[in-house]
Amino acid sequence: MTTLPEQTDKKLGLVIDLDTCVGCHACVISCKGWNTENYGAPLSDQDPYGANPSGTFLNRVHSYEVQPDQGTAQLIHFPKSCLHCEDAPCVTVCPTGASYKRVEDGIVLVNESDCIGCGLCAWACPYGAREMDQEEKVMKKCTLCVDRIYNENLPEIDREPVCVRTCPAGARHFGDLGDPNSAVSQLVKDRGGVDLMPEQGTKPVNKYLPPRPKDALPEIDVLAPYLDPVIGEPKGFLGWLDKALEKI
Amino acid sequence: MNQPKIDLSPKVSDEIRKTTCYMCACRCGINVHLKDGQVAYIEGNRDHPVNKGVLCAKGSAGIMQHNAPSRLKAPLKRVGPRGSGEFEEISWDEAYQIAADWLEPIRNENPEKLAFFTGRDQSQSFTSFWAQAFGTPNYAAHGGFCSVNMAAAGIYTMGGAFWEFGQPDWDHTKLFMLFGVAEDHDSNPIKMGIGKIKGRGARVIGVNPIRTGYNAVADDWVGITPGTDGLFILSMIHCLMKAGKIDLNYLAQYTDAPVLLNCDEKSTEYGLYLRDENGKQLVIDRTTGKLAAFDKPGVRPDLSATHRAKGITHVPVFHNMAKLYLSDAYAPEAVTERCGISAKRIRAIAAEIGRVAFEEAFELDQEWTDFRGETHKTMTGRPVSFHAMRGISAHANGFQTCRALHTLQIILGTVEVPGGFRFKPPYPKPATAHPKPHIGMTPGAPLNGPHLGFVQGPDDLALKDDGTPARIDKAFTWENPMSSHGLMHMVISNAHAGDPYKIDTLFMYMANMSWNSSMNTGGVMEMLTDKDENGEYVIPHIIYSDAYASEMVAYSDLILPDTTYLERHDCISLLDRPICEADAAADAIRWPVVEPDRNVKGFQSALCDLGAKLGLPGFVNDDGSQKYADYADYITNHERRPGIGPLAGWRLGEKGLQSGRGGVNASQIDNYIDNGGFFVKHIPDGAQYYKPWNMKYQEWAVGMGLFDSPQPYLFSLYVEPMRKFQLAAEGHGERQPPEHLRQRIKDTMSPLPIWYETDQQGNEGFTINALTQRPMAMYHSWGSQNAWLRQLHGHNPLYLPTKLMRRNDLTDGDWARVSSPHGEITVPVMEMAALNENTVWTWNAIGKRKGAWALDRDAPEATKGFLLNHLIHELLPPKADGMRWANSDPITGQAAWFDLKVRIEKTVAPKESRPEYPPIKSPVGQGPDTLAWKVGK
């Protein structure tokens, strides 16, 4: 068993806007690229050119169809990675202390040299956010790009997770959710950001911004004032035209 | 707590090299991080005008493309039968010799025997230059089977289209309306734009039978019936005109709405513009009530007044628009059933776009002067903008549909104004400023001009003296007069049929014609392998260049292996389709950020070598020696006109380096590399909107070398060249269409946009629309061999709407037999609710032939993947007279992929998708069993 810090100095995390995520997978692949080359073991792929290609990803986008009570069906793109929970069950279940939550920023990490690949943390995580690398047999998970966000070899503007840096739609935001005045906290407040599966009691740091209501443009009647005909048929139209032209 | 110490500042890379992505047509700037000389990581370039730092999944997966096991390794000569995939490696010298032995006699005897067609080519200004020097009339790229309707409709109507040609004013638009299935050429900018406007609370309306991608985030989704977009748009035009919610001032000032038309049905000029002795369009000036040239200083064109001269009445174009569009035929109630959209909803959307355009109009405090010399204190913003993806254009009514959309934008006054749609340099550029097609052929000499262009009437058609088609693809003929991009999808079938003539050598680049880039894939494979009575191949020689072991490699005789995009020089040129933004001109390069480790060569460099070996003018010096050592040499030293070269940045002037015009600068490519791989020149304030009519923009464009003198013009709501084709069909003029095409030309070539039902010949019993789209993570890319991307999209079920699933007693994972008038496939199905209720679709080009792309033969792409292409024929079923017409737009020849109608029946699951084809032998072997691609220590 591994203990969690009683509190962390910051609560770094992601705010993901489900209203603008177009499901392009840019975040998925940039994450794969950065984390294959950086933190710990590379993210491997098995049978990459074969019948059952399968690899380690720290971030995946799932797509769900939603059928509202009224109106047409909708498609929601839902990116999912470690939510860096305050009460992270993946940490407390770890038998070796390899999984831990950082005191300074709350990032949940795996110390790969202590990981025995038992997989208990993946079972404990209610979000399915951890993946065992089949090549190295160590547990991999989102590091919130801990090797980028403080990296003095990167320009300051690039010290953010790659998924945030690359997102073309600007649907991903990074910051301190422990600071109520941070831009991300404000965004969560303004847009009614929510926890994923709060009933699990994990207190996730990452937040999701719900999609705005869709298909809300009211259908209008033939006689709706904005489209009131100026006149019925072409000949009358030209009469209207002459008058309208006088005014311009 | 005992936290391990971790390195928070690891070294990121040894070096960053900045070049241009080529994972699709978007052409973003990328930072390629190198460790120990190897590609370690790719990210977006923050300074780049296209992507401003972001990068899509394709771009980030470039590292897997660059290292793909399917990369070709050396020139190949076919040793087995065509289609077997049996090759032997040869040297470049031998490859060039084989090519020259085929090409030299063709050039000296009959250059039309070479058909040179390039696919997803980003060097068309160069490849066309080569083809022109060779002298064949048979050149085009892939636009004809992709989206010529989109490009040509925009250029003929308003001097530019969506995509590379223009973009919404993301900073000011308040309502964005997006039409059409498929991902977008402007892949990252459109995502950035949607994100930006949603962040401000602006709204998006998506019109698309399928609610995926951008339509999934649209505030309102209109699940329209495929092929009826034009009808929906014209109905909105009907509503807006009837309510007077149109920008009369804009129409009068900047469009041909006030231009007078000959109204005498007996006249040989019936329906043509009234022009003055200089050929200028004439209007009535409201101030004087007299005729005046449209551009006369101070003229106030009248949208209403008519003119009678020499017994002939002339009315403004706007009268004809009123007559056509106010007709009840376009009332929402008349179109609702066909479009699958309620009449109330059509009205609601029309009202909303009108409301935003006029009630939310705003003024930018920016003075500007128009081409008539009038100075305006402000710029009026109409914050509704439109964009369309490929879907609306890939129908046989696609040209008129795209025209209708532009007409809608124009009557709202929202093109080239703040908040609306804006052109990117070198656009705006009207059709009349483009070349016309050239077919003047002389053995042993260059063609008399550029192959492709914009016809202005029957005189410009590419017909031989005997009236037969001059081009192998029959572009610019009566069958499809305005085929500005050629018809790549007809080349192989025409060459096989010897109609209009036989060819000797088919030379292609980046075009997977024996698989996903052809209609009637099985038939094309037969045509490529068919032999004549002498046992020789009907298409005698096939030369192909590709970087990867695609399906087409197996069907070629000689392979010129291309490099990956990180190993090559390229220029994304203003002479071609550059990377400009609406407020800046820009171009870019690629350069070898790593050197190839195989015996491969950039295709353009190979053309420099081959051009010199053949002694092509432009590719040899006066003494006969090779002019350009490679493509980089050409990029630097070629001048198309004096002072105008492939790249506009860092040219040499009298006082040093300058932009736009200027002499050759030997260090130009280094200047680009130092600047991050691109050049950008901002359009000055006051020149950023109203570009076609704004003298400050016109003068800036001349200075940049985009054109040689200011050329303000009016938007063509009425496309006069189309009327000229109709006149011919009505019996006027010397060049006459064949009898069987007369009626179709009269019916379809309306100079004002119309909607017509596409040809339904043979569709009885086939009632379901079938579409394809590429996933965002693979659009316009080579995705299926990419180890990372194929994990996202390795399967392509046929998606059926709930109603069709129920009706056919299908559940997810079941299999269905899908048949069309042309063929049959058996494929797995899956339910999708957010889908037009009479439409099915699948991801395109996931299906692969066994043995191709270095994938295992049991890869899901080869066992369960499939193509709809098998259901689509390049010809429609025979008519009563036995004739088969092309499955193309009758105006432009664009391949009508999305006109497909099918029937669906549940069936027992076969072992694999059908049809099944035997494996081809891989010329590169298979990929590895595992990957853990870390290049750093």
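Is Asp47(A) buried, partly exposed or exposed? The tour returns to that residue after a few words on the model.

This is a predicted model, in which local features need pLDDT of at least 70 and side-chain atom pairs count only at pLDDT 80 or more, while totals for chains, interfaces and linings use all residues. Residues are numbered from 1 along each chain as its sequence is written, and chains are lettered from A and ligands numbered from 1 in the order in which they are written.

Select Asp47(A), which is partly exposed, with 19 other C-beta atoms within 10 Å. On this scale 20 or more such atoms make a residue buried, 12 or fewer make it exposed, and partly exposed lies in between, with C-beta atoms placed from the backbone. Asp47(A) sits in the loop between β2 and β3 (54-55) of chain A, and its phi is near 55 degrees, a positive value in a residue other than glycine. Most residues other than glycine have a negative phi, and most peptide bonds are trans.

Next, select strand β2 (residues 45-46) of chain A together with strand β37 (residues 930-931) of chain B: the two run antiparallel and are joined by 2 bridges. Strands pair if DSSP finds at least two bridges between them. Within β37(B), Thr930(B) is the bridge partner of Gln46(A). Helices (H or I, at least four residues) and strands (E, at least two) are DSSP runs, numbered from the N terminus.

**Second stop: where the chains meet**

Show both chains: 89 residues of chain B are in contact with 80 residues of chain A, contact being C-beta atoms, placed from the backbone, within 7 Å. On the side of chain B that touches chain A, helix α13 (residues 343-359) of chain B supplies the largest share, 9 residues.

Select Met236(B). Leaving aside residues up to four places away in sequence, Met236(B) touches Ile346(B), Ile349(B), Ala350(B) and Leu408(B).

Select Pro500(B), in the loop between α15 (488-497) and β23 (505-509) of chain B. The peptide bond from Asp499(B) to Pro500(B) is cis, with omega near 15 degrees. Another cis peptide bond joins Arg914(B) and Pro915(B), with omega about 5 degrees; Pro915(B) is placed in the loop between β36 (901-907) and β37 of chain B.

Finally, select Ala854(B), in the loop between β35 (839-843) and α24 (860-863) of chain B. Phi of Ala854(B) is near 60 degrees, a positive value in a residue other than glycine. Ala854(B) is buried, with 21 other C-beta atoms within 10 Å.

Note on methods
Contact = placed C-beta atoms within 7 Å.
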